[in-house]
Amino acid sequence: MLPFDAHLDFYKSIKGAIAAGECLRLRVLLPRSFGVSACTLALTRDGRATEYIPMQWEHTDGIEEWWSLTLPFRETGLWFYHFEYTTAWGTSVLRRKPNTQQASLDGTEEWQQTVYPKGFHTPDAFKGGLIYQIFPDRFYDSGAPKQNVPADRVMHKNKSEAPVYLPDKHGRILNNDYFGGDLKGIAEKLEYLKSLGVTVIYLNPIAEAHSNHRYNTADYKKVDPLLGTAEDFSALCEKAHAMGIKIVIDGVYSHTGDDSVYFNKWGRYPDLGAYQSPASPYYSWYSFGANHDKYACWWNIDTLPEVNEEDPGYMEFITGKDGVLDLWFSLGADGVRLDVADELPDGFLDRVRQCVKRNGEDKLLLGEVWEDASNKISHGGRRRYFDGRQLDGVMNYPFRTAVIEFALTADAARFMREVEDIVDHYPPEAMHVCMNMLGTHDTERILTALSGVDLRHKSRRAQAAIKLTGDALDKAKTLLKLSAAINYALPGIPSLYYGDEAGMTGAKDPFNRAFYPWGNEDDALLEYFRMLGNFRAEYDVLKTGGFYPLSAELGCIAFLRYEPGKKRVAVIANNNPAEITYNLNYDMRDMAVYTGGTKTDGAVIISPNTAAIIVDE
């Protein structure tokens with residue numbers, strides 16, 4: 001007997017987030033022998049005083065009794081709650097046990113209830129798709145001549161060389177080495193991406209900037225000359241659209257480069273920059289100290305001066321009519337991913353969404369948030385990303401952590417808790433378009449992560465020396481297949497970081513940003529990812545279907561994706577060193593193995609460290 005479990009509809013009528021205006025029935029089950037005289041819901045609207053709402057006695061079978069209430073939630077936002085009950089011995093409190101949704105007298109946490117706006121909707125065309133993330137300089141070089149390239153850029157002569165990682169003679173790491181990947185090169189490889197099942201390309205920054213990562217924007221309205229021209233970007237978008245592929249760009253709006261049109265610390269540009277004079281039209285964008293040579297920087301990196309995002313001139317420049325975002329949408333972009341969205345103030349995010357949706361309700365707005373975005377606190381308060389005025393979805397780092405930790409530790413219960421928490425906390429429409437990645441430009445390569453190598457406190461020189469070979473590499477590839485099968489079936493949109501499908505390895509920046517190994521791919525991995533891409537496209541339930549845990553114990557997880565009227569998909573991941581036989585629920589025994597297992601009478605046999613996908617035929 002459980003007093004309360006937020007994952008069971010006996011206790012909570014709607015699992016997870018609800019829309020404003022919906023009613024929620026909550027039920028608590030208590031022993032009849034306790035002689036309970038009153039049961040109360042302690043409900044706290046985020047930022048307000050706690051309300052104590054009496055629950056009604058409902059039923060007893062002589063052993064236990066039920067207390068319940070039905071409550072309308074008319075406002076959007078977050079509520080937190082626990083239960084209290086009174087007996088002849090006083091008042092006792094039922095709170096959430098850590099890492100569960102169950103109640104306990106020694107529980108220490110509140111349950112969270114997310115209430116999102118009724119009618120909140122995200123772009124349907126992205127749902128059920130597959131994102132491919134490209135670091136533009138490192139994907140493919142079309143060989144087209146590069147025009148107007150600054151002379152201070154260093155070009156690699158050999159595409160197989162490692163990115164430069166050592167400081168120069170002045171102790172500086174300039175990130176000014178380039179491999180020559182360009183927009184025309186991406187366009188040439190669209191057939192390849194289509195073969196992987198890709199429906200969305202997410203491009204790391206392509207605006208003019210004087211580093212290979214281009215997060216130090218120099219001119220928001222120009223394509224970087226090494227990548228091509230605005231015409232090349234439009235041509236890429238047009239060709240991609242003809243093949244059913246959308247293009248999402250990276251929006252870097254919390255800071256610019258010091259070597260930019262706007263700041264112009266080094267005098268590269270003819271215009272008067274903010275660093276040069278208070279008379280600059282961009283001066284109010286930045287915050288300077290009394291001596292003017294000191295200025296606010298992103299994470300104290302002096303090459304990245306912070307902007308005042310709510311400065312009226314800056315906000316209009318980015319989000320106003322014919323501003324930066326309008327320009328990129330006019331060239332063909334289908335969405336934008338906001339760099340460090342949790343460092344952007346609410347007022348600015350509101351304006352960004354207005355601009356994005358002004359260009360079409362089908363345009364996507366993603367944000368970079370590393371934690372649970374539903375209850376994130378930053379900028380001095382609780383964020384409201386999913387209140388219908390800001391983001392559609394976020395980069396789903398909690399899912400990444402859950403998948404990788406399961407692959408490395410086989411802790412099935414932890415995986416399911418962490419995934420269910422996010423599914424419970426996010427509005428379903430947001431969940432459907434979250435970006436579920438295993439690797440990005442900000443993390444070590446997924447094969448390196450799955451090797452278990454500890455990169456903490458390792459210098460760049462030490463990280464450069466890490467090479468995966470032999471049994472370690474083989475084991476990492478096995479775990480990558482297991483992880484990818486899970487990731488491709490979770491709610492949201494799986495994202496593939498360029499080259500992970502080809503077997504690329506590497507520690508953290510810049511070793512995770514090498515050039516794609518054209519002609520030297522791992523063919524077995526490549527075919528596995530092509531198979532997963534086909535699977536992803538074949539089953540509509542992966543677009544908006546619900547997530548239903550089946551089991552999570554003994555190194556094995558199993559979950560079902562279900563939506564009425566659609567074929568079901570289930571994943572059973574055996575992360576044990578031995579083969580298992582997984583007995584199927586009675587109503588799943590007619591499902592067929594898509595990959596990763598062998599069907600027997602009422603069960604599936606799954607090899608060690610392997611994920612089986614089973615489907616309705």
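The following legends describe several views of one protein, shown as a predicted model.

**View 1. The whole chain and its overall dimensions.** The protein contains 14 helices and 32 strands. Its C-alpha trace spans about 85 × 60 × 45 Å along the principal axes. Among contacts between residues at least 6 apart in sequence, 69% join residues at least 24 apart.

**View 2. An open sheet of eight strands with parallel pairing.** Strands of a sheet pair through backbone hydrogen bonds, either parallel or antiparallel. The order of the strands in this sheet is S22-S19-S18-S17-S14-S11-S24-S23. Strand S22 (393-394) and strand S23 (435-437) form the edges, each pairing on one side only. Within the sheet, strand S11 (residues 131-134) and strand S24 (residues 493-497) run parallel and are joined by three bridges. Isoleucine 131 has serine 495 of S24 as its bridge partner.

**View 3. Helix H3 against two strands of the sheet.** Helix H3 (residues 230-242) lies across strand S14 (200-203) and strand S17 (246-251). The helix runs at about 140 degrees to S17.

View 4. Asparagine 396 is placed in the loop between S22 and helix H7 (397-409). With a relative accessible area of 0%, asparagine 396 is buried. Leaving out residues up to four places away in sequence, asparagine 396 touches Ile422, Met431, Cys434, Met435, Asn436 and Met437. The other edge strand of the sheet, S23, covers residues 435-437.

**View 5. Histidine 432 in helix H9.** Helix H9 comprises residues 428-432, and histidine 432 is found in this helix. The relative accessibility of histidine 432 is 9%, so the residue counts as buried. Apart from residues up to four places away in sequence, histidine 432 touches Lys127, Gly492, Ile493, Lys543 and Thr544. Strand S24 of the sheet covers residues 493-497.

View 6. A pair of aromatic rings is described by the distance of the centres and the angle of the planes. The protein has 51 aromatic pairs. In one of them, the ring centres of tyrosine 548 and tyrosine 562 are 6.1 Å apart and the planes stand at 70 degrees, so the pair is edge-to-face. Tyrosine 548 belongs to strand S25 (residues 546-553) and tyrosine 562 to strand S26 (residues 556-562), 14 residues apart. Tyrosine 548, at 40% relative accessibility, counts as partly exposed. Tyrosine 562 likewise counts as partly exposed, at 35%. Elsewhere, ring pairs link Tyr220, Tyr253, Tyr262, Tyr282, Trp285, Tyr314, Phe317 and Phe348 into a cluster.

**View 7. Isoleucine 53 in strand S4.** Strand S4 covers residues 50-54 and includes isoleucine 53. At 18% relative accessibility, isoleucine 53 counts as buried, because the limit for this class is under 20%. Neighbours within four places in sequence aside, isoleucine 53 is in contact with Cys39, Thr40, Leu41, Leu43, Leu69 and Leu71. Asparagine 216 is 163 residues away from isoleucine 53 in sequence, and their C-alpha atoms are 52 Å apart in space.

How values were computed:
Residues numbered from 1 in each chain as written. Predicted model: local features only at pLDDT ≥ 70, side-chain atom pairs only at ≥ 80, totals over all residues. Heavy atoms only, no water. Pairing = 2+ DSSP bridges. Helix = DSSP H or I, 4+ residues; strand = E, 2+ residues; numbered from the N terminus. Contact = heavy atoms within 4.5 Å. Axes fitted to C-alpha atoms, helices over the stretch in contact; angles between N-to-C directions. Phe/Tyr/Trp six-rings, centres within 6.5 Å; stacked < 30°, edge-to-face > 60°. Buried < 20%, exposed > 50% of the residue type's maximum accessible area, 1.4 Å probe, protein only.
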